[in-house]
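Here is a short report on a single chain. Keep the sequence and the 3D view open while reading.

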Amino acid sequence: MYAHLQLLIPGPSLALSGGNSMNLLLILLLLILTILLLSLYIKRIKHNKELRQTELMRADFFSRTFYQFRTPLTIISGLSRQLQEEKNNSPQNRLTYLTAIERQGRSLSNLVNQLLDVSSLRNDNIPIEKERGNLVTFMEMLAETFSHFAEKKGVEVVFFCEEKEIITDFVPRYLNKILQILFFNAVSNSNEGSRILLVLEKNQLRKKNILIRIINQGNTIDKAQLPHLFEPFSDDSGSHEQVLERIGLALAKQLVLMLHGTISVDSDQSKGTTFTVELPCCRKRSRTHAEWLPENSKYLPIVEKLPIEEDEELFSTGHNENDPRTTILLAEKSRDVALFIRSLFDEGKYNILYTNNGEKALEMANAYIPDIVITVINMPGKNGLELTSALRNSPLLNHIPIIIITVRSTEADQIEGLKCGADAYIRKPFEGIELKLRVEKLLESRSLLKEKYQRTNIAIDRNGTNGNTNLNFLRQVTDIIHREMKNPDFSSKMLADELAISVSQLNKRLNTAIGAPSTTYIIQVKLSYARKILASQNKTIGEVAAACGIIDVNYFSRLFKKHTGVTPTQYQRLPVTQNTM
C-alpha cells in the first residue's frame, strides 16, 4: 500500500489579501505622517506670520513713540539758539525760554523712563518689595499730593473711603506708579473746573479684594477706543499723543498684573471716565513684610516729578483793526512749541494770535481774518487738516496762506496736507529760520498779488473763470456794486450784508486783496464806470454822476479830479487812446 502525501499551498487569493493589508497599512502610515508634517508646517507658517505681525506692530509702536521726541527736540534746540543769538532778550523772556527748555527736558526724561520701566518689567529677577500697612492712609497721602498739582490746572481732587483702616500687604512703589499714571492721564484730559474722584473701597462680591477707582467727571472716551487703551502695539493706536498716554497705561496694566490684580476702564457721557483697579487684600502670616509707616515712606513725594506750571498769558487773544502789524494765527496744541514760534517773529512787526484748539482757531479766523495761519495736525476740536479744509471752503477765508507743522514725515502725509489746501508743510523738528522764511515768502507773494490787483485799476473780467480766490472775491464784490450803481444810499454796510459778513471782515479782506477798504473800493468802481460813460457816451456830467449814484454834481467833479487828475469835462475832451486808460 502506498502512502499519500498531500501538500497544501495557499491559493492566490489569500496571498493577495495579505499583501493588500500591508499596503493599506503603509498608505495609512504615510497619510498620517503627511497630515502631521502638514499640520506642523501650517503651525510654523502661522507662528512665523504672528511673529512678523508682532514685529511690525512693535516697529510701528516704536516709530510712533519716537515721534514724541521730535517736539521736545524742536523746542529745546530752537529756544537754545534764540538765547544764543538774541542778545537783547529781556530777563523775563530769558526766564520764560529757560523754563520751557527745562519743561521739555523733563518731558523727554519721563518718556525715556517709561520706556525703560516697560522694558524692565520683563526681567523676572527684579524683586517685588511688599510692605504691610494701612492702605487708607497711603491713599490719603497720595490724594493730598495729587491735589496740589490739580489745583494749578483748575481741577478739584476728592478722596473717599468709608473705612478708616485697611491693613494689607501691598507694594508702595508699584501702587504709587499705577495711580500716578492714571491720575496724570485724568488731569491731562480734564477741563478747568472739573472734578477727579479717588475712591477706595472693599469689593462687596469678592470680600478679599479691594477696589481703587479714579473717576474723571469732566471727560469721556470714545467707546471704539476703550478696547485699545492698554494696547500700545495695537494697529488702532490712534494719534501720537494717544500713543504716549498708552505707554503709561500699558505700564500701569503690567504693574497691576504683577500684583495679581485687574484693571478696567468705562466711559459714559453722563458719568465721565472711570478707571478701576482691583487688587487682592491679604496678610500672609507665613511671611513677614516690612511695616509701612507714613513718615518713612520713600515713594510718596512725587511733586518733584510733575510738570512745571504753565507760564502766564504770552499771546494776543484779540486784534485791533487799525493795528498795522501782520497778523499770524497760530493753532498749536503744545504751548511750548507756540512759545518757540512766537520767539521767531518781531513783536513790532507781527501780532500773533494763539489757540490750542482747532474749532477756536476757525472762530478766531472768521473774527479777525489773519494774514497767515500756522497750524499743527493733532489738536482738540478740529484737527489741522479739518481746519485747513474749513478755511479753504470759506469764501471769506480761502485766500489766507496756511502752513502745516507736524511730526508726520512720510510723503503720503505731506500729500494729504497739500490736498487739503496747505501752502507749505514743515516737519518737526524744524529750524526756526525755515519757518520764518516760509512765512516771509508766502506774505511776499500775497503782497505782489495785491500790487497786481491794484495795477489792474478794477479792470476785472467778471465773466472769466480764473480760479484765484482773491479775484473771485473781487468779482463778487464788483458785481454787487455794479448792480447797486445808481443807488445813492449804497454803503459798505449794505455791501457787507450782501456778502453775509461784517464791515470789519469786508475791510480786512479787501485790504488783503487790493490794499484798500470797502469805501475806497466802492468809489473806485463807480469812477471806473464813470470813465467808461464819459469816453463812450454823449452825456452831461449830471447824468454821469446820477448813473454812478452820486447826486451832488460838484462832489462828483471834485472826487473825479482827485482820482484821475482831470475834471470830468476835461476827461471827455481827451483823445480816445488816453481816456480809455
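This is a predicted model: local features need pLDDT of at least 70, side-chain atom pairs count only at pLDDT 80 or more; totals for chains, interfaces and linings use all residues.

Ser447 counts as partly exposed, since its relative accessibility is 34%. Its place is in helix H10, which spans residues 432-455. Ser447 and Gly515 are 68 residues apart in sequence. In space, their C-alpha atoms are 9.0 Å apart.

## The chain as a whole

The chain has 581 residues, and 43% of them are buried. Its secondary structure comes to 18 helices and 13 strands. The accessible surface is about 32,500 Å². Carbon and sulfur atoms account for 53% of that surface.

What share of the contacts with a separation of 6 or more comes from residues 24 or more positions apart? The figure is 68%.

## Helix H6, enclosed

Helix H6 covers residues 335-344. Ten of its ten residues are buried, so the helix is largely enclosed by the rest of the structure. The buried set includes the nonpolar residues Val337, Ala338, Leu339, Phe340, Ile341 and Leu344. Charged residues are buried here too, among them Arg335, Asp336 and Arg342. Ser343 is also on the buried list.

## Gly417 in helix H9

Gly417 is found in helix H9, residues 411-419. Is Gly417 buried or exposed? Its relative accessible area is 0%, so Gly417 is buried.

Which residues does Gly417 contact, leaving aside neighbours within four places in sequence? They are Leu385, Ile404, Ala422 and Tyr425. Leu385 is 32 residues away along the chain. The C-alpha atoms of Gly417 and Leu385 are separated by 6.4 Å.

## Packing of H13 on H14

Helix H13 runs over residues 503-514, and helix H14 over residues 518-536. The two pack at an angle of about 60°, with their axes 9 Å apart. That angle makes H13 oblique to H14. H13 contributes Leu506, Asn507, Leu510 and Ile514 to the contact. H14 contributes Ser518, Tyr521 and Gln524. By class, the contact has four nonpolar residues, three polar ones and no charged ones.

## Salt bridges

Side chains of opposite charge can pair when their charged atoms come close. A search of the whole structure finds nine salt bridges. One of them joins Arg132 and Asp169, with the closest N and O atoms 2.6 Å apart. This pair links distant parts of the chain: Arg132 is in strand S1 (residues 131-134), Asp169 in strand S3 (residues 167-170), and they are 37 residues apart. Arg132 has 23% relative accessibility and counts as partly exposed. Asp169, at 6%, counts as buried.

Glu156 and Arg195 form another salt bridge, with the closest N and O atoms 3.3 Å apart. Glu156 lies in strand S2 (residues 156-160) and Arg195 in strand S4 (residues 195-202), so this pair ties together parts that are 39 residues apart in sequence. Glu156 is partly exposed, with a relative accessible area of 41%. Arg195 is partly exposed as well, at 36%.

## A salt-bridge network

Arg483 and Glu484 meet through their side chains in a salt bridge, at 3.9 Å from N to O. Which residues are linked in a network of salt bridges? They are Arg483, Glu484 and Glu498. Arg483 counts as exposed, with a relative accessibility of 52%. The cut-off for exposed is over 50%.

## Two positive phi values

His260 has a positive phi, near 60°, and is a residue other than glycine. It is found in the loop between helix H5 (240-258) and strand S6 (262-268). His260 counts as exposed, with 68% relative accessibility.

Ile369 also has a positive phi, about 45°, although it is not a glycine. Its loop lies between helix H7 (358-368) and strand S11 (372-376). Is Ile369 buried or exposed? Ile369 is buried, with a relative accessible area of 0%.

Technical notes:
Residues are numbered from 1 along each chain as its sequence is written. Side-chain values use heavy atoms; hydrogens and water are left out. Axes are lines fitted to C-alpha atoms, for helices over the stretch in contact, and angles run from 0 to 180 degrees between N-to-C directions. Helices (H or I, at least four residues) and strands (E, at least two) are DSSP runs, numbered from the N terminus. Angles under 35 degrees count as roughly parallel, over 145 as roughly antiparallel, 65 to 115 as roughly perpendicular and the rest as oblique. Contact means heavy atoms within 4.5 Å. Buried means under 20% relative accessible area, exposed over 50%, partly exposed in between (1.4 Å probe, protein chains only). A salt bridge is a side-chain nitrogen of Lys or Arg within 4 Å of a carboxyl oxygen of Asp or Glu. Accessible areas come from the Shrake-Rupley method with a 1.4 Å probe; for residues, only the protein chains shown count as cover.
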